[in-house]
Amino acid sequence: MPERCRGRARIAVLISGEGRNLAALIDACADGRVHGEIVLVVSNRAEANGLVRAHAAGVATCVVPHVQFANRQAFEDALISALDDVQPDIVALAGFMRILTPAFVHRYCGRLLNIHPSLLPRHPGLDTHRRVLQAGDAEHGATVHFVTQDLDGGPAIIQGRVRVDAHDTAQTLSEKVMQDVELRIYPQALAWMAEGVVALDRGLALWNGQIMESPVQWNVDSMATLPDAAVGAHR
Ligand code: GRF
């Protein structure tokens, strides 16, 4: 279980693409909502627009192009080496489109977060917005969770919902989930991590040392409901 970070948390962010979540995390660190500093942004794609956003904010970047490595192991060794150089307290996946091996996940266990564009455990995997429409779901959203060896299955920290409207398309849903949920809940989850409010212990998410029975629920019309009611017995 990670301890409360002494001083400002050192945060590394892994990206593959546009970097809107990354930008939200950078802003939240810059304006003090997150007691942390983004010490490195790593992309597996040199053309990721998130790198441009990081440069503009003066954040250090590095590219570890997965295509240039013989196998997943070699790619992850390079990733680990880049991360080791900056000794991060927290590693945040933000649209990082590579599946990580159990060894990598184990190495950063309790320090590794991800944001997924669905109300997990509903719709793990890709193409969530289209699948929500196909399933006829009345609501959709995003989840920040600890990464475990279970793909998109680690304990959830915070979840935010939006209504699916009759006229929604995968594109409008994606935009709504990004703007109304993702860009708000990821900075919040990172703030809690940096403060040591949330932690992972033996496969369970803890809130101030107590088991979270369910993620914090957040919606666009209200502030997050803090999980006094969501925590279980004191450990
Ligand atoms: C987000 O929807 C995130 O939830 C998913 O990939 C997308 C990344 O977008 N994992 P961006 O790079 O943050 O703009």
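**Close-up 1. Helix 6 runs from residue 170 to 195 and has a kink along the way.** With 26 residues at 1.5 Å each, helix 6 should span 38 Å, and its end C-alpha atoms sit 35 Å apart, which agrees. (The expected span is 1.5 Å times one less than the number of residues; helices are DSSP runs of H or I with at least four residues, strands are runs of E with at least two, and both are numbered from the N terminus.) The kink is about 40° and centres on Met178, the bend being the angle between axes fitted to the seven residues ending there and the seven starting there. Just past helix 6, Gly196 has a positive phi of about 75°. Keep in mind that this is a predicted model, where local features need pLDDT of at least 70 and side-chain atom pairs pLDDT 80 or more, while totals for chains, interfaces and linings use all residues. Numbering starts from 1 along each chain as its sequence is written, and side-chain values use heavy atoms, leaving out hydrogens and water.

**Close-up 2. Helix 5 (residues 128-135) meets helix 6.** On the helix 5 side, look for His129, Arg130, Val132 and Leu133; on the helix 6 side, Ala170, Leu173, Ser174 and Val177. Contact here means heavy atoms within 4.5 Å. Sorted by type, these contact residues come out as five nonpolar, two polar and one charged.

**Close-up 3. Arg53 pairs up with Glu18 in a salt bridge.** Their closest N and O atoms are 2.8 Å apart; the rule asks for a Lys or Arg side-chain nitrogen within 4 Å of an Asp or Glu carboxyl oxygen. Arg53 belongs to helix 2 (residues 49-56) and Glu18 to the loop between strand 1 (9-15) and helix 1 (20-30), so the pair ties together parts 35 residues apart in sequence.

**Close-up 4. The loop between strand 5 (112-116) and helix 5 holds Pro121 and Asp127.** The Leu120 to Pro121 peptide bond is cis, with omega near 10°. Asp127, although not a glycine, has a positive phi of about 60°.

Terms used:
Axes fitted to C-alpha atoms, helices over the stretch in contact; angles between N-to-C directions. Nonpolar A, V, L, I, M, F, W, Y, C, P; charged D, E, K, R; others polar.
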